[in-house]
Amino acid sequence: MRNKQIAVIGGGIAGLTAAYYLQKEIENDQLPYEVKLIEASDELGGKIKTMQKDGYTIERGPDSFLERKKSAARLACDAGLEDDLIRVASGKSYILANGQLHSMPKGSFMGVPTQMKPFLTSSLFSVSGKLRAAGDFFLPRGAEKDDQALGLFFRRRLGNEVVENMIEPLLSGIYSGDVDQLSLMATFPNFYELEQQYGSLIRGLQNTKSKPSESSSKKKQGMFLTLRNGLSSLVKAIEEKLKENTVWKATAVNHIAKKHNSYKLSLSNGKMLQADAVIMAAPHLAAQKMLSQYDFMNEWKEMPATSVANVAMAFDEADIKDDIDGTGFVVSRNSDCRITACTWTHKKWPHTTPSGKALVRCYVGRPDDQEVVDFSDAEIEEIVLRDLNKQMKITGKPEMKVVTRWKNVMPQYTVGHKRRVQRVKEQIAQQLPGVFLAGSSYEGIGLPDCIDQGEKAVKDVLSFLNE
């Protein structure tokens, strides 16, 4: 009797996680299953891409993950990288609004204040803006809703100024999207729950946010972790732990057809693969094309994806005359900059940069400025330098520049996203038993979210095959 075959489609972090933990379970329990990880490009990792150049460690995609979401650090430890985990350097972060850099008010959570004194003394808001935000204590809770736009929700609770100057730059930086289109329930349902329970976001956060004890104050540092040799070291470590002939790179899945109790995958190399279970860890539009014969997959055609670009620039420290004490800034819509955020990587992650040098990474590609992603490298570099010099005087030219474009890869969780995912999953369960979704298009875009989805897909597959 042949071993049952499990196909994992997509070699991003969700697919890698699924393949890795599947093989661990198979080996531990001596299960008669085999795993094939199929990746269309010639390398694994998805948006995780680290470049090592001239002593610099440059992340071309994500540069870190949240510590409080435990799955990413756990995966790194499982892969043997526990000693390589590095916490972000502490330092101020800023918001660029109305042409000026303002310190991020202390005690805010995703832009919502939890401590009133730092908020009331912040230069980021006018007196009227602060008074309007204080209305959150007195406004009635909103009517119960299945979903609503992030922007609409926060504007009603805190007013336009707080949304434009703080919440929008922070949240659009995470999702590369428009807060007036993004779904509240698919991104931050906890805010809706706080409003319903406490009648106020600020009061709700004050009641639920844990207060640091004196013993933990020393531990109070940055919330983010990365790896000493870049996040690609995690991809490499996992790949090395997979069994030989598990990974098929430069191989796309063109079509998936259900045949009795299994699935036939038509591959771009002309071969066919029969699978008893399939984890679809590919982006939503790719998944739709593979299963285009099913009308319910057309839901994904309605789900947009945005593009972004980033440019890393290395300077001699002496060339930055107006140095700023901090790790970076995000940019509000009311600024005349085309960059959306800037990370002072040499301060945020000192291990990435040689002594005496500075490494800066800037982002472009707002939802209403998508065309900039298609500009030439030289044009993007010029835009970034011009915007940087509005805040810091840089006298020298970059010693090194790396431009990275991510085209149509930032899935947009627009209003109704959770229902959309639920409908598709229900149809898959009915019509395609043994097929499971995982990845940034579905239930969270951060690295830990994708890892969580990969882990859940492992449980779902094993439960299905063990029935």
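Q: Over how many bridges do strand E7 (residues 93-97) and strand E8 (residues 100-103) pair in the antiparallel sense?
A: This is a predicted model, in which local features need pLDDT of at least 70, side-chain atom pairs count only at pLDDT 80 or more, and totals for chains, interfaces and linings use all residues. Residues are numbered from 1 along each chain as its sequence is written, and side-chain values use heavy atoms, with hydrogens and water left out. Strands (E, at least two residues) and helices (H or I, at least four) are DSSP runs numbered from the N terminus, and two strands pair if DSSP finds at least two bridges between them. For antiparallel E7 and E8, the number of bridges is four.

Q: Which residue takes a positive phi in the hairpin of E7 and E8?
A: Within the pairing, Ile-95 stands opposite His-102 of E8. The hairpin leaves two residues between the strands. The residue with a positive phi, near 55 degrees, is Asn-98.

Q: Which residue in the turn between E13 and E14 has a positive phi?
A: Strand E13 (residues 253-259) pairs with strand E14 (residues 262-267) in the antiparallel sense over six bridges. Lys-259 faces Ser-262 across the pair, and the hairpin has two residues between its strands. With a phi of about 60 degrees, the residue in question is His-260.

Q: Why does Gln-412 count as buried?
A: Gln-412 is placed in the loop between strand E21 (400-411) and helix H15 (417-431). Buried means under 20% relative accessible area, exposed over 50%, and partly exposed in between, with a 1.4 Å probe and protein chains only. Gln-412 counts as buried because its relative accessibility is 5%.

Q: Which residue's backbone oxygen does the side chain of Gln-412 reach?
A: Beyond four places in sequence, Gln-412 touches residues including Ser-176, Leu-182, Met-303 and Ala-305. A polar contact is a pair of N or O atoms within 3.5 Å; within protein, one must be able to donate a hydrogen and the other to accept it, and residues adjacent in sequence count only if both atoms are side-chain atoms. The side chain of Gln-412 makes one with the side chain of Thr-306 at 3.3 Å. The backbone oxygen, reached at 3.0 Å, is that of Tyr-175.

Q: What is the relative accessible area of Gln-148?
A: Gln-148 lies in the loop between helix H4 (127-134) and helix H5 (150-158). Beyond four places in sequence, its contacts include Arg-156, Leu-184, Tyr-192 and Val-415. Gln-148 is buried, and its relative accessible area is 5%.

Q: Which strand supplies the largest share of the lining of the largest cavity?
A: On a 1 Å grid over the protein atoms alone, a cavity is a set of points where a 1.4 Å probe fits but cannot get out, whereas a pocket is an open set with protein on both sides within 12 Å along at least five of seven lines; lining residues have an atom within 4 Å of a point. The largest cavity holds about 120 Å³, a volume being the space filled by probe spheres set on grid points joined across faces, edges and corners. Of its 14 lining residues, those closest to the centre include Thr-57, Glu-59 and Asp-63. The largest share, three residues, comes from E4.

Q: Which element gives the most to the lining of the second largest pocket?
A: About 310 Å³ of space lies in this pocket. Among its 17 lining residues, Val-435, Phe-436, Leu-437, Lys-456 and Asp-460 are the closest to its centre. H15, strand E22 (435-437) and helix H16 (447-465) each give two or more residues. The element that gives the most, with six residues, is H16.

Note on methods: Contact = heavy atoms within 4.5 Å.
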